[in-house]
Amino acid sequence: MIRHIVFFSAKRGQDVETIRNGLLALAVIPHSSHFEVTVNTKVDPMCDAIDLVVYAEFADQTALAAFKAHPIYDETTRKVRPMRELRFSADVVADQR
């Protein structure tokens, strides 16, 4: 299983919910087994630059690639990119113990 984790910050604080709603459009893409977009609680003072976290799970690299190749992914990126400041992404293979 691949865990896809993306961290976003908004250029303007008032855009956080708009970005979140935009990213939620990705949930309709059928290739993930789990998909969520959450607002960072900023409990840890070292993480106050991050506003939103996308967390998704995929069966394998093929499913993740299909997700990123979907037209909704491109459409969402075009809408969200102008409002975001930072974007950090990690794709990790889950430990299957």
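Visitor: Is Ile-50 buried or exposed?

Guide: Buried means under 20% relative accessible area, exposed means over 50%, and partly exposed lies in between, with a 1.4 Å probe and protein chains only. Ile-50 has 13% relative accessibility, so this residue counts as buried. Its place is in the loop between E2 and E3; helices (H or I, at least four residues) and strands (E, at least two) are DSSP runs, numbered from the N terminus. Please note that this is a predicted model, in which local features need pLDDT of at least 70 and side-chain atom pairs count only at pLDDT 80 or more, while totals for chains, interfaces and linings use all residues. Residues are numbered from 1 along each chain as its sequence is written, and side-chain values use heavy atoms, with hydrogens and water left out.

Visitor: Which residues does Ile-50 touch?

Guide: Contact means heavy atoms within 4.5 Å. Not counting residues up to four places away in sequence, Ile-50 touches Phe-7, Phe-8, Asn-40, Lys-42 and Phe-88. By contrast, Ala-69 is 19 residues from Ile-50 in sequence and 26 Å away in space, C-alpha to C-alpha.

Visitor: What do Phe-7 and Phe-88 form with Leu-86?

Guide: A patch is made of residues with over 30% relative accessible area and no salt bridge; like charges are joined within 9 Å, and nonpolar side chains (Val, Leu, Ile, Met, Phe, Trp, Tyr) within 5 Å. Phe-7, Leu-86 and Phe-88 form a nonpolar patch on the surface, with about 250 Å² of accessible area together; such areas come from the Shrake-Rupley method with a 1.4 Å probe, and for residues only the protein chains shown count as cover. Phe-88 is found in strand E4 and is partly exposed, at 46%.

Visitor: How many residues does the largest nonpolar core have?

Guide: A nonpolar core is a set of buried Ala, Val, Leu, Ile, Met, Phe, Trp, Tyr and Cys residues joined through side-chain atoms within 4.5 Å. The largest one here has 21 residues, and those with the most contacts inside it are Leu-23 and Phe-67. At least two residues of this core come from each of strand E1 (2-10), H1, strand E2 (34-39), strand E3 (52-58), H2 and H3. Among the residues that Leu-23 touches are Phe-8, Phe-35, Thr-76 and Val-80.

Visitor: Which residues of helix H3 are buried?

Guide: In H3 (residues 71-80), they are Tyr-73, Thr-76 and Val-80. Seen down the helix axis, these buried residues fall within an arc of 70°, so they line one face of H3; the arc is that of the directions from the axis to the C-beta atoms. Their cover includes helix H1 (16-24), helix H2 (61-69) and strand E4 (84-93). The face turned away from the buried side carries the exposed residues Pro-71, Arg-78 and Lys-79.

Visitor: How many salt bridges does the structure hold?

Guide: A salt bridge is a side-chain nitrogen of Lys or Arg within 4 Å of a carboxyl oxygen of Asp or Glu. The structure holds five. One of them joins Glu-75 to Lys-79, with the closest N and O atoms 3.2 Å apart. These two residues are four residues apart in helix H3, so about one helical turn separates them.

Visitor: Where do Asp-91 and Lys-68 lie?

Guide: Their side chains meet in a salt bridge (3.6 Å, N to O). The pair links distant parts of the chain, with Asp-91 in strand E4 and Lys-68 in helix H2, 23 residues apart. Asp-91 is partly exposed, at 36% relative accessible area, and Lys-68 is partly exposed as well, at 29%.
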